Amino acid sequence: MKTVDLLVKERTEKGTKSANRLRRSGQVPVNLYGGEKNLNLSADEKALNKIVAIPEATIIEVLLNGNKFQTTLQEVQFHPVTDRINHIDLVELRKDRKVIMRIPVRTIGTAVGIKDGGQVIVRMRRLRVKGILAEIPDYIDLNVEPMKIGDSIKVSDLTLPGAEIIDPPNATVVRIQPPRAEIVTVAPTATPVTAEGAPVAVTPEGQAPADKTAAAKEEPKDKKEEKEKKEEKGKKEEKGKK
């Protein structure tokens, strides 16, 4: 497991005002638990930023007045607006005592579901592991090769020799997400309107139906010719009577 050094100083003052003064000077309040007594410390903000950014599980060797303490990062508090580190809690590590560490998750191999258009989603990038330091791994490696679309790995599916994962058993660590359905957008067509501006119903073929009123008024051509012949015949008969 990787080890990094952290130079710290003891804090003699407590309270919000004192902590704010430390932050303005580029220092961060640090609490160290798990030893013979709890220690109130401070450390350089830039040094802590580098440690927090380390992806793998790390042992932080705290250097205080010539003494060394092997510790691990327990909790980091960030400012809600600036996202700067506000406070850090460290826990001292001992060979004969179980500790809790946040261990990063790594996926191994290419899932079968990837070939079908799926995507590997890592929902929990770190897991809380409890055990003796010598039994805690640097990483938790998950083989995703046999996983198909819809498959998932939960905390309850995992086992670590000599250590225990203490996250909720039903929590999903990794899943193969199905591909997103393609959304086809159809351009809207113009809706015909009447002379008065009212919309006209459109048939499935996209054509406006004929005006039934106008169709009723317009007579067929053959009937029209027959009517004209009758009228002409009537006129001739009237002339003959005269």
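Modeller: Here it is, and since this is a predicted model, every value I quote is computed from its coordinates.

Biologist: Which are the buried residues of α2, and on how wide an arc around the axis do they lie?

Modeller: The residues of α2 that count as buried are E45, L48 and I51. They lie on the same side of α2, because the arc they cover around the axis is only 120°.

Biologist: Which exposed residues does the face of α2 turned away from its buried side carry?

Modeller: To count as exposed, a residue must have over 50% relative accessible area. On the face of α2 turned away from the buried side, the exposed residues are K46 and K50.

Biologist: Turning to α1, which of its residues are buried, and what is included in their cover?

Modeller: Helix α1 spans residues 16-24, and its buried residues are S18, A19 and L22. Because they cover an arc of only 100° around the axis, they are on the same side of α1, while the exposed residues T16, K17 and R24 are carried by the face turned away from that buried side. The cover over the buried residues of α1 includes β2 (27-33) and β3 (39-44).

Biologist: Which residue with a positive phi follows α1?

Modeller: The phi in question is near 90°, and the residue that follows α1 with this positive value is G26.

Biologist: Where is N65 placed, and does it count as buried or exposed?

Modeller: N65 sits in the loop between β4 and β5. Its relative accessibility is 64%, and therefore N65 counts as exposed.

Biologist: And D83, in which loop is it found, and is it buried or exposed?

Modeller: The loop that holds D83 runs between β5 and β6 (85-92). Because its relative accessibility is 55%, D83 counts as exposed.

Biologist: Why does E61 count as buried, and which residues does it touch?

Modeller: E61 belongs to strand β4, which covers residues 58-64. The cut-off for buried is under 20% relative accessible area, so E61, at 17% relative accessibility, counts as buried. Leaving aside residues up to four places away in sequence, E61 touches T3, V4, D5, L6, K68, F69 and Q70.

Biologist: What is the volume of the largest pocket, and which element supplies the largest share of its lining?

Modeller: The largest pocket has a volume of about 230 Å³, and of the 13 residues that line this pocket, those closest to its centre are I54, E56, L73, R102 and R126. By class, its lining has seven nonpolar, three polar and three charged residues. At least two lining residues come from each of α2 (45-52), β4, β5 (67-78) and β7 (99-108), and the largest share, three residues, is supplied by β5.

Biologist: Finally, for the chain overall, what share of the contacts with a separation of 6 or more is accounted for by residues 24 or more positions apart?

Modeller: The chain has five helices and 13 strands, and of its 242 residues, 30% are buried. Its accessible surface is about 17200 Å², with 50% of that belonging to carbon and sulfur atoms. Among contacts with a separation of 6 or more, the share from residues 24 or more positions apart is 63%.

Key. Residues are numbered from 1 along each chain as its sequence is written. This is a predicted model: local features need pLDDT of at least 70, side-chain atom pairs count only at pLDDT 80 or more; totals for chains, interfaces and linings use all residues. Side-chain values use heavy atoms; hydrogens and water are left out. Helices (H or I, at least four residues) and strands (E, at least two) are DSSP runs, numbered from the N terminus. Buried means under 20% relative accessible area, exposed over 50%, partly exposed in between (1.4 Å probe, protein chains only). Contact means heavy atoms within 4.5 Å. On a 1 Å grid over the protein atoms alone, a cavity is a set of points where a 1.4 Å probe fits but cannot get out, and a pocket is an open set with protein on both sides within 12 Å along at least five of seven lines; lining residues have an atom within 4 Å of a point. Grid points are joined across faces, edges and corners, and a volume is the space filled by probe spheres set on the points. Ala, Val, Leu, Ile, Met, Phe, Trp, Tyr, Cys and Pro count as nonpolar, Asp, Glu, Lys and Arg as charged, and the others, Gly among them, as polar. The arc is that of the directions from the helix axis to the C-beta atoms. Accessible areas come from the Shrake-Rupley method with a 1.4 Å probe; for residues, only the protein chains shown count as cover.
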